[in-house]
Amino acid sequence: IHLTFKVFYIIIFKTKYGGDLLPNKSVIYFEEIDSTSNYIKENYSKLDHFDLVTSKIQTNGRGRSDHEWISPPGNLYFSYLLKDKITHQSVFPELTKISVCIIKILEKYNISAQIKYPNDIIVGNKKIAGILVETQGHLNLDYIVVGVGLNLNQKDFGFLSQKATSTYLENKEELNPKNVLSDILNEYDKEHTFNDYKDYSMILNKRIKFKDEIFVVREILEDGRLFLDGNEKIYVSPNEISLKEIYE
């Protein structure tokens, strides 16, 4: 495989992140990379469970549905690998866990955020973070890769200024991405429940249109489906439904 990365060190190596704070987590650093998630997917067989890749810049960051994630310096971009004892049932719980971690760290910086189902973190009506979960395998999974982009120090979003924000724009404080990553990973090691995810969700009890009928979102299930209550009661997956109208 031909890799087109600029590496922070001349030789790629894993190093312990945060000293004694995170003694069991290994991180690979880049100055610039096309995508931290791409690196993991291309090298997953050589990487260990929960190895993490972070970069100052991504040249080809991606969000859900292959949307571009613009990745200038000053923000936090990282992906991590899960490949031990994983199943298809592990995917949505992993998304909920990292979502709650990010929101709790934002609270530490006096920023109140919510979860835009299924995978965006919103402050007011603007996106501050996105999470992309990718898998490989059919009956059995080879891996789960979780990619996170968190806007920290970005001051100008250009044509996206009405749709995106950063921690700096919210509280006028510049943050060190390395410190924020350490905070997130420390939070990751704490116990969280699925109810924490639901408590932060924007979608519960909202009215939506699905197949030309009006429903109320009554529940989020632990497999990621929504329970919709209307003339009939149905379950739908994230890929079956558009929630654009309730987020505009």
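A: The chain holds 6 helices and 13 strands, where helices (H or I, at least four residues) and strands (E, at least two) are DSSP runs numbered from the N terminus. This is a predicted model, in which local features need pLDDT of at least 70 and side-chain atom pairs count only at pLDDT 80 or more, while totals for chains, interfaces and linings use all residues. Residues are numbered from 1 along each chain as its sequence is written, and side-chain values use heavy atoms, with hydrogens and water left out.

Of the 248 residues in the chain, 50% are buried (under 20% relative accessible area, with a 1.4 Å probe and protein chains only). In soluble globular proteins, nonpolar side chains tend to be buried together. A nonpolar core is a set of buried Ala, Val, Leu, Ile, Met, Phe, Trp, Tyr and Cys residues joined through side-chain atoms within 4.5 Å. The largest one here has 55 residues, and Ile 98, Ile 102, Leu 150, Ile 184 and Leu 228 have the most contacts inside it. The element that gives the most to this core is α2, with 9 residues.

Leaving aside neighbours within four places in sequence, Ile 184 is in contact (heavy atoms within 4.5 Å) with Leu 76, Phe 78, Ile 98, Cys 101, Ile 102, Ile 105 and Leu 150. A second, separate core of 10 residues includes Phe 30, Ile 33, Tyr 39 and Tyr 143. Across the chain, among contacts between residues at least 6 apart in sequence, 58% join residues at least 24 apart.
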